[in-house]
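I opened this entry to record what I looked up, item by item.

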Amino acid sequence: MAKKTFTLKKLAKKLKVEFLGNENLQINHVCGLESLKPGGLAYLSSPGGINNVPTPRGMSRQIEVNFDEKNIGQVALIVSPDVNLPNYNLLICNDPLAAHVEATKILNPTELKITGFTTNSSIHPSSVISKGVKLGKNVFVGPKVVIYDGVQIGENTILHSGVVIMSNVIVGSDCIFFPNVVIHDKSEIGDRVILSSGAVIGSDGHGYFQRDGINYKIPQIGNVNIEDDVEIGACTTIDRARFETTIIKKGSKIDNQVQIAHNVSLGDQSLISAQSAIGGSVKTGSHLILGGQSGIRDHVNIGNNVTVVARAVITSNTSDKAVIGGMPGRPVTQWRKLQSLINRLAELFERVRKLEERLGNK
């Protein structure tokens with residue numbers, strides 16, 4: 001990823017924001033407040049963040065960094081209009097975080113550089129592509145990619161090395177599949193979907209029945225549908241449905257090493273943290289947040305805007321806007337009270353022992 005440099009004025013123009021300070025200041029990297037150094041661009045998420053801004057010698061500051069008076073003119077901050085920081089170089093906008101993210105993209109443009117191509121073609125000679133495959137314009141196919149029969153891929157999609165796409169899969173435009181992604185047959189993937197290395201889409205769900213002590217496999221004949229703007233982390237698995245469709249709705253972001261079982265319907269704009277698991281046939285509303293190593297048992301319905309704290313497990317249906325903690329999951333305020341009581345058990349047992357001793361002496 002090649003880095004670029006912009007003057008404060010040119011960067012403000014690209015971001016479509018106002019600026020104050022040295023228009024010729026060279027900005028060459030983005031960073032956090034704690035790591036500001038010459039050429040850096042940080043942001044304040046709120047006016048209160050001023051307390052964390054490095055200041056000249058002789059003034060109090062909360063973050064100790066290698067920063068002195070002469071460096072103030074060599075860095076820039078993205079701030080909201082209600083922030084007043086004289087002597088600093090500023091980019092001013094209503095959403096500093098969003099502007100900082102956009103500046104990151106501008107200063108660090110993505111470049112596709114993969115060696116081994118023998119021609120100007122965007123299809124690597126070591127790839128294996130069935131004759132019936134339909135590729136849109138500007139599709140990039142990296143080394144040792146395998147594409148089965150009946151696959152359709154939209155324009156500008158990038159398949160990095162080792163990607164395997166099985167039969168009758170439909171892939172949208174502007175997707176990026178990183179090395180060793182595997183997509184099983186009949187899966188449907190929307191536009192601007194990002195699949196990180198090792199993700200497996202459409203593997204068989206965990207469906208078995210037992211007779212006379214022997215496990216028998218139940219065929220999983222459904223598929224997976226991943227809607228637009230979804231991102232799926234490394235080594236995450238999403239199982240195909242038994243009969244119909246496992247659905248990951250638009251805008252959802254799924255972390256690394258997550259398991260989503262068959263027949264799940266994950267609501268739009270959900271955020272699922274690493275090592276979480278969602279049991280079979282779960283239906284969730286929009287904007288679900290699962291903390292790390294949390295889970296949802298099978299056949300549970302989840303409302304909209306539900307938050308599950310780390311390591312909690314939902315075992316029953318929830319209403320909208322619920323905040324769940326513990327195992328089994330319960331409203332987080334109730335869970336915290338119970339945790340407080342558990343932490344006092346040793347004290348309570350000791351009090352009971354002393355009471356029993358006193359009663360026994362009478």
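I began with contacts, meaning heavy atoms within 4.5 Å. Of the protein's contacts with a separation of 6 or more, 23% are between residues 24 or more positions apart. The model is predicted: local features need pLDDT of at least 70, side-chain atom pairs count only at pLDDT 80 or more, and totals for chains, interfaces and linings use all residues. Residues are numbered from 1 along each chain as its sequence is written, and side-chain values use heavy atoms, with hydrogens and water left out.

Next I looked up the secondary structure. The protein has four helices and 39 strands. Both are DSSP runs numbered from the N terminus: helices are H or I with at least four residues, strands are E with at least two.

I then traced a sheet. Its 10 strands run in the order β8-β11-β14-β17-β20-β25-β28-β31-β34-β37, open and with parallel pairing. Two strands pair if DSSP finds at least two bridges between them. Why do β8 and β37 stand at the edges? Each has a single partner strand, so one side of each is left without a neighbour in the sheet. I checked one pairing inside the order. β11 (residues 146–147) and β14 (residues 164–165) are joined by two bridges. There V146 stands opposite V164.

Burial came next. I count a residue as buried under 20% relative accessible area, exposed over 50%, and partly exposed in between (1.4 Å probe, protein chains only). Of the 362 residues, 41% count as buried.

I looked for nonpolar cores: sets of buried Ala, Val, Leu, Ile, Met, Phe, Trp, Tyr and Cys residues joined through side-chain atoms within 4.5 Å. The largest has 48 residues, and F177 and I226 have the most contacts inside it. A second, separate core has 17 residues, among them A12, A76, A99 and I106. I listed the partners of I226, leaving aside neighbours within four places in sequence: E188, I189, G190, V193, I201, I232, I238 and I248.

I checked the cysteines. There are zero disulfides (cysteine sulfur atoms within 2.5 Å). C175 is buried at 0% relative accessible area. C235 is partly exposed at 46%.

Last, I looked up E18. Where does E18 lie? It sits in strand β2 (residues 18–20). E18 is exposed, with a relative accessible area of 58%. Not counting residues up to four places away in sequence, E18 touches L90, L91 and I92. I also noted P81: E18 and P81 are 63 residues apart in sequence and 9.6 Å apart, C-alpha to C-alpha.
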